[in-house]
Amino acid sequence: MKTFLISILTAVLISLAIYSIIAIIVLFSTGSLEMSFITAPESVAGIAYGICLYLTGKASGKILNFIIPDKSRAVQRVIGYILLTCILAPIVIFCINVTISVLWQGNSLDYFLKNEYWFSYIPITIISIFIGLGFYGFYYYKVHKNKQIAQQKMIAGEATAQLESLKNQIDPHFLFNSLNVLIGLIEEDQKNAITYTKSLSKIYRYILEHKDKEYVSIQQELEFANNYISLLQIRFEDAIIYKKSKVEDLDDSYSTVPLALQLLLENCIQHNKATEESPLKIDIYRENDFLVVENNLQEKENKTPSTKVGLRNIRERYQLTSKKEIEVIKTMEKFVVKLPILHA
């Protein structure tokens, strides 16, 4: 019922538009509009044209659905619609005109045929074609936009799934390295192992609270880095020298991806020697639009095989959430990772 009422309303609006065109033609032809807008044959004909030609257009669509069921063949369907309109519209116009002339005005059929202005069918047919093309254009525009939206949703869904997969890598990566440290600490100092375990639980709580977020403030990450370094210093003591600079102005409006610093600090410990004689120096500082994590390079000779999750994880999460790239610089003396600073 709702579809039927919408169709009738649309037909009435089209008929009013066509009648307005007819009225303008009459005005320019005669110089006046001395006719009743309700009872004049021209008025009735205009409304009838609109309703009947609209219904004819819908019928043409059903015929095309039968002849060319594949709606993706837009060009063929448009050409088919034009041809059908060129055939059906003059028939509809003729039926309306003969009905008004013979049945309403009482003229004979011969009189109608002799006095009918056949060229008047052409502009009405052309108008019908353009109105139909307007509907087709709107339909295919919607199809195109819906296809674009569907593609974007698919891309977003794939990106979300990929991002969730990357986030889920953080837990085992962190746990793997932390347990390695804890095992070594238990062998050396059981008292510090207990303190380490308690601190580890606090840090792990931070990870659980923030790993599912797309962004966290850099200040939160820096505070976490402080806690994480303190945790590492329980085992390594003076073998780790940590400092940060030029980060005071990075308020809560500056962000990064969650746990980026934790992964980078893990890499520092995992791949480098740290002794009191040759301490591992870790610097975190701001350089233009980057948050930089730098350490002196003193790679382990028999280092634990890397899972290669850390840097790749950070790089891919930056690409997925911000389209920005991290920068990695390795020289003979140092290893540097630059994280783009994101603005909330």
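## Before you start

UniProt positions are given here in the numbering used for this structure, feature names are shortened, and annotations may be inferred rather than shown by experiment. This is a predicted model, where local features need pLDDT of at least 70, side-chain atom pairs count only at pLDDT 80 or more, and totals for chains, interfaces and linings use all residues. Residues are numbered from 1 along each chain as its sequence is written, and side-chain values use heavy atoms, with hydrogens and water left out.

## The annotated spans

An unreviewed UniProt entry carries the annotation "transmembrane region" for residues 7-29, 78-106 and 118-141. Helices (H or I, at least four residues) and strands (E, at least two) are DSSP runs, numbered from the N terminus. Residues 78-106 are 93% helix and 0% strand, with end C-alpha atoms 40 Å apart. For residues 118-141, the figures are 88% helix, 0% strand and 36 Å.

Which residues of H6 are buried? They are Ala193, Tyr196, Leu200, Ile203, Tyr206, Ile207 and His210, where buried means under 20% relative accessible area, exposed over 50%, and partly exposed in between (1.4 Å probe, protein chains only). These residues sit on the same side of H6, because they cover an arc of only 125° around the axis, taken from the directions from the helix axis to the C-beta atoms. Lys191, Ile194, Lys198 and Lys202 are exposed on the other side of H6.

## The nonpolar core

A nonpolar core is a set of buried Ala, Val, Leu, Ile, Met, Phe, Trp, Tyr and Cys residues joined through side-chain atoms within 4.5 Å. The largest one has 46 residues, and Leu261, Ile282, Ile284, Leu291, Ile314 and Leu339 touch the most other members. Among the elements that each supply at least two residues are H6, strand E4 (280-287) and E7, while H7 gives the most, with 10 residues. Another core, of 12 residues, lies apart from this one and includes Leu53, Val92, Phe112 and Ile124.

## A buried lysine

Lysine 338 belongs to strand E7 (residues 334-340). Is lysine 338 buried or exposed? Its relative accessible area is 13%, so lysine 338 is buried. Its side chain makes a polar contact of 2.6 Å with that of glutamate 287; such a contact is a pair of N or O atoms within 3.5 Å, and within protein one must be able to donate a hydrogen and the other to accept it, with residues adjacent in sequence counting only if both atoms are side-chain atoms.
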